[in-house]
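Have a look at the model first, then work through each one.

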Amino acid sequence: MTAELFFQQLINAISLGSLYALLAVGLAIVYGVLKVLNFAHGDLVAVTGYIMWLLWMKGEIPFPVAIVAGIVGATGVSILTELVAFRPLRKATYAVMLISSFAISIIIQNLIRLLIDPRPQGMRIPPVFDKVISIGSFRIGSLAIITLVISLTAMALLLYFLLRTRWGMALRAAAVDFEVARLVGVPANRIISLAFAVSGLLAGIGGALWVIRTGGIAPTMGLYPIIKAFVGNVIGGLGSLVGAVVGGLILGFFDIFLKAFLPSGARPFVEAFTLTAVVIILYFRPQGIMLKR
Amino acid sequence: MITGWSRRRLASAARSWLSLSVLLTLVVVIASILDSKSITLIVTSFLIYTSMVVAYQMFMGNSGVVSFGQVAFFGIGAYSAALLNIPPEIKEVALPSLPTILRQTQTGALLAIVIATAFSGVVALLIGTVISRMREDAMGIATFALLVIVYTIIHNWGEVTRGGLGLYDIPKVMTPVYALIGLIIIAGVALLYKASPIGLRIQGAREDALAAQSLGSHLVPVRLFCFVLSAMVMGAGGGMWAHSIRAFGPASFFFRDTFNMIAMMVIGGQASVTGAIAGSVVVAVVSELMRFPEKGMVIGTIQIPKIYGAVQLSVALLILVTLILRPSGIMGSKELEFPFSQCIRNLNKRIRK
Amino acid sequence: MLEVKTITAGYGSANVLHDIQLRVDTGEIVALLGANGAGKSTLLGIISGLLQPRHGSVWFEEQKIDGERPEDILKRGIACVPERRRIFAGLTVQENLRMGAYIERRKEVIEERLAAIYKRFPVLLARSRQMGETLSGGEQQQLAIARALMSQPRLLLLDEPSIGLAPNLVQIVMDLLRDLREDGLTILLVEQNIHEALEIANRAYVMASGKIEVEGTASELRERGLELEQTYLGEI
């Protein structure tokens, strides 16, 4: 492998990893307050995609507007799912909440089939995402750069929110000790809704990037995002936001470099390899990679 | 805290087994009287599917751990059994790259299913050693990963599985009676496990996190046993299933069946074998009913448009409603028990008069 | 100030508290004593709003407060210092304190309170930028109390502040509570450590198996000290 090829793949890996990290962190935010992994998080990607498709392909609305609308939509649906499914089950066991998040996921997928369109669709992607930028003898895709920049910006904004705002601090406190957070006056319902809103926002941004990357939508498209988000969290250590980011990045590296190095016959098995590697990691370090906890 | 076999529990389990067996046998008898090809098909497939739901229940119900991966063993069992029992002439043509032993053997359905069961057990043992060491939240994802891994392998390993094309010409051996026997045996295993000391141990850990902690590292082998047992029965179910439909492809063992089976367990009652069966009935009925709106219907002169996703929407909503209103499901953790001894006593009294 | 009337409460099928009657008058320190499992923490949970009683009511300054949400009870002026400190790990000392004043939105007020707290707890000022979990046990207890004080409560509930602390640190905590009473704070102190608690309390109750078994002034109970210990608190 030449130095150029390696460097290009490195950029791709970091870029994809940052997208996975974005999705993983969104999941981790809700996990922090509810201590449950929300299956329906992946389907927010589908929601974003379909809104974008409706506006951009069917409604001829400018692409940037479609993206924003998609993100807003994902946020809204996220808040709605909390109200409808998680709030009534507030006192339930982990298993019950996990299954109900699974049910919500199926509901969202089928509502999309019912209300919008059941078949997979293609999306015409604006050419700005298709360019190749040459730096010396290195060639980097504009999509990789854009994905990286946006993901990093989103995560930086999240960090600012968590570290420097009152609500962000409350969210962190609630994630550490929900009961005591209530004792100091943090309103339970509102903080959980906030968590879902933030989570939905991150899923929306990640979803827009995902759709641009894959160029298509389908009602079940949330499957791979949720797998990546799940796995990123578990590798990094459940309950750790930083862990989720690190886990997502590692996953991105796995995906890109496995694809690059595996013989072409084994390519379809990349997913299986990655997941097997994850399971092996978990065997030796069940609590995840991060050192804390 | 080692409990032994309890005579009371065994007797209760035996009564449940008898009750369920009687009930299911009745269903098959009625179906055979009706003597319709479609009903025979429906009953056979229902019984086999229910066997797998019971297998699923054996893990989830007793351990309390949500697993999204048991259906992987359905797939492994089905493919193993099919590959063992498809006639060699077909295999020569369809699967030329299969190892010679496999290609030229046809073991007969029973042996195929037995080997499939054993193979599922081996795979489950390997994977289970990793999974049972994890914390509960991670286990759900790990089983999910298992599902995806198995699906990916099956879908892409064309030399062995014909990938997306699937296998065909599997001898269609299963009849309602065979399926009934299968389900009765499986229900017996499930009820026996539920009443056994090792079953009680894992139920204790399910109920109480503190009890789980006091079990400490002993929890791992207990969980592993539960996982492997469930996987083996699932594999058996898969083997039976492969022999009931002649041809199948990988799309079957993925999300849809996982979703359906989880729905059946939740609605019927996770902690109960009867619940798994009851839930199976409920979800099957609802699904069949909702298939009509999904295909679009004509009522009188009104054309109702297709309601895509009606089936899954209804089932998913049913899950949510159950979890919100009655999380323990229809049966809770109770089993069906006809008061046989009571009936016999009453009968004796009447005879004496 | 605080009145607990015939409270019965529990989890699942069992009741943990039976017919509890209790009173705290303004400016007092009232000690609630009892062994593990006596139900003391449950009672605090009910007063602070985290738990709901099955029967009975809780009155604060002539107002019925049982059934209200924790944030509303906090706004009324009741703050709780939970068992085992439970400071927010991953947040700095300063952030922990700010969380204590969460219901207060005016920045200047929060800054004033922070300054006052730092004056009273110089060790917290020294460690203000450190992560909460890096503090020692005694410092964490001070942080937990300081955090509760940030909401300027009129009634302070403390759940076993002396647990896991060396005797000299326990003394510091008790002295602090005495000072707070001088400043006009009313305190309900749950404790297993009867000696220390009775030293500073005005009145006390002894709980066992979810019932109030003994009540009286601190001096009365001090006389019966050994007998109470053996009967109700087992061996400490």
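**Exercise 1.** Work out how helix 2 of chain A passes helix 8 of chain A: is the crossing left-handed or right-handed?

*Solution.* In this predicted model, helix 2 of chain A makes a right-handed crossing with helix 8 of chain A. Next, take the axes: those of helix 2 (residues 41-58) and helix 8 (residues 188-214) of chain A come within 8 Å and cross at roughly 60°. So helix 2 of chain A counts as oblique to helix 8 of chain A.

**Exercise 2.** Find which residues meet where helix 2 of chain A touches helix 8 of chain A.

*Solution.* Start on helix 2 of chain A, where the residues include A:His41, A:Leu44 and A:Met52. Now hop over to helix 8 of chain A: among its partners are A:Gly200, A:Ala203 and A:Trp210. Sorted by class, this contact of helix 2 with helix 8 of chain A has seven nonpolar, eight polar and no charged residues.

**Exercise 3.** Describe the side of chain B that touches chain A.

*Solution.* Count first: 34 residues of chain B and 35 residues of chain A take part in the contact. Then look for the largest share on the chain B side, which is helix 7 of chain B with 13 residues. Finally, sort that side by class: 24 nonpolar, six polar and four charged.

Key: Residues numbered from 1 in each chain as written. Chains lettered and ligands numbered in written order. Predicted model: local features only at pLDDT ≥ 70, side-chain atom pairs only at ≥ 80, totals over all residues. Axes fitted to C-alpha atoms, helices over the stretch in contact; angles between N-to-C directions. Helix = DSSP H or I, 4+ residues; strand = E, 2+ residues; numbered from the N terminus. Parallel < 35°, antiparallel > 145°, perpendicular 65-115°, else oblique. Left-handed = near helix turned anticlockwise from the far one by under 90°. Contact = placed C-beta atoms within 7 Å. Nonpolar A, V, L, I, M, F, W, Y, C, P; charged D, E, K, R; others polar.
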